[in-house]
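Good morning, and thank you for coming.

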Amino acid sequence: MNTYPSRPVVLCLSGHDPSGGAGLQADIEALLAQGCHAAPTVTALTVQDTVNVSDFRVLDRAWVMAQAQAVIADLPVAAVKLGMLGSVEMVDTVVELMQQLPGIPLVCDPVLRAGGGGSLGKDDVGYAMRERLLPIAAIATPNLPEARILAELPEGTADECAEKLSPFCRHLLITGGHGDETDIHNRLYVRDGDSHTFTCVRLPGSYHGSGCTLASTLAGRLALGEELVSAVRSALDYTWRTLRDAEQPGRGQYVPRRLPLDFSQ
Ligand code: PLP
C-alpha cells in the first residue's frame, strides 16, 4: 500500500447543483486541482440545469451542524469555503461553527443568484452575511451584482460598493465578469486602504460555477499556506484558464473545465 502525506483539508459549506457546474461539485473539482482535500458539507439542495435554477431547499440547521461537526472532530481543517447558504438561519449556523475554528481562514462567496439570474437566497441573507460573516472572513468574493446587493447600492460601482463594505471585512475581492468593460477588472480592496486590480481578457460566453471555482481555489491556496494577495492572483489565473477551456454540456451556460481530461494514466 502507498501511504501519501495528507493534503490540506478545506471544509466547504455550499449547495448542491445537480447539473454539476456549480456548488459543491465545483468546490471539490477546484480543490482537487490545487492539491487539496475537499470536505463537502451540504447546506442546500437546488433544482437546476445549466440554464437556470427553478427551486431550492435549505437543509435543517441540525443536519448541517452534524455534518460539519463530524468533519471538524476528525480532520485537520486548514481553511473554510462558504458558498450558497440560502437562509439567515444558515448564516448564524456558520458563525457558530466558525467559533470552533479560531484562526482558520474563511473565504466567503456571498451566493445569492445563479448564473442564469434565478434566486438562491433572499437579499436578507446577504445583509446577514455582511453583518455577521464578513467580519470573521479572511476575504469575501462577491461579483459586482452581489456586491451591489450587500452594499444596498443597486447602481453602485465597484469602488462605491467597496467603500460601503470595506469596514465589514479585511479583504474584499469584487470580480468584474458581469460588467461590460472590454477587459475584466477584478478589484481587491484591503481594509487598510490598499487596493490591487487584476486585469484579464474577457472570454466570450456565460459560465456556470465560475464564482464557486474562484472562491474554492482561493480557500485551497490559503490552506496551502500561500499569502493572501498571491493566493488571489493564483486563484484568478486558474479560474480564467478553466473558463478558457470550458465546455457546454447542456443547452445553457458553459461549465469551467477544472480538471485534466484524462486521469487514467
Ligand atoms: N452554489 C450553488 C449551489 C449554485 O447552484 C450556484 C449557481 O447556480 C452557485 C453557487 C453560484 O454559481 P456561480 O459560481 O456561477 O456564481
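I shall speak about the ligand site and then about an aromatic pair.

The model is predicted, so to speak of local features pLDDT of at least 70 is needed, and side-chain atom pairs count only at pLDDT 80 or more, while totals for chains, interfaces and linings use all residues. Residues are numbered from 1 along each chain as its sequence is written, and side-chain values use heavy atoms, with hydrogens and water left out.

Around the ligand there are 15 residues, each with a heavy atom within 4 Å of it. Gln48, His208, Gly209, Gly211 and Cys212 come nearest.

I turn to polar contacts, that is, pairs of N or O atoms within 3.5 Å. The side chain of Gln48 places an N or O atom 2.4 Å from a ligand oxygen. The backbone also takes part: a polar backbone atom of Gly211 is 2.9 Å from an oxygen atom of the ligand, and a backbone N or O atom of Cys212 lies 2.9 Å from a ligand oxygen. On its own the ligand has 400 Å² of accessible area, of which the protein covers 96%, by the Shrake-Rupley method with a 1.4 Å probe.

Which elements give two or more residues to this shell? They are β1 (9-16) and α7 (210-223), where helices are DSSP runs (H or I) of at least four residues and strands (E) of at least two. The most comes from α7, with three residues.

Finally, the structure holds one aromatic pair, meaning ring centres within 6.5 Å. The rings of Tyr207 and Tyr254 have centres 6.1 Å apart and planes at 50°, so the pair is tilted, as planes under 30 degrees apart count as stacked and over 60 as edge-to-face. Tyr207 lies in the loop between β9 (195-201) and α7, and Tyr254 in the segment after α8 (228-244), 47 residues apart.

Notes:
Polar contact = N/O pair within 3.5 Å; in protein donor to acceptor, adjacent residues only side chain to side chain. Phe/Tyr/Trp six-rings, centres within 6.5 Å; stacked < 30°, edge-to-face > 60°.
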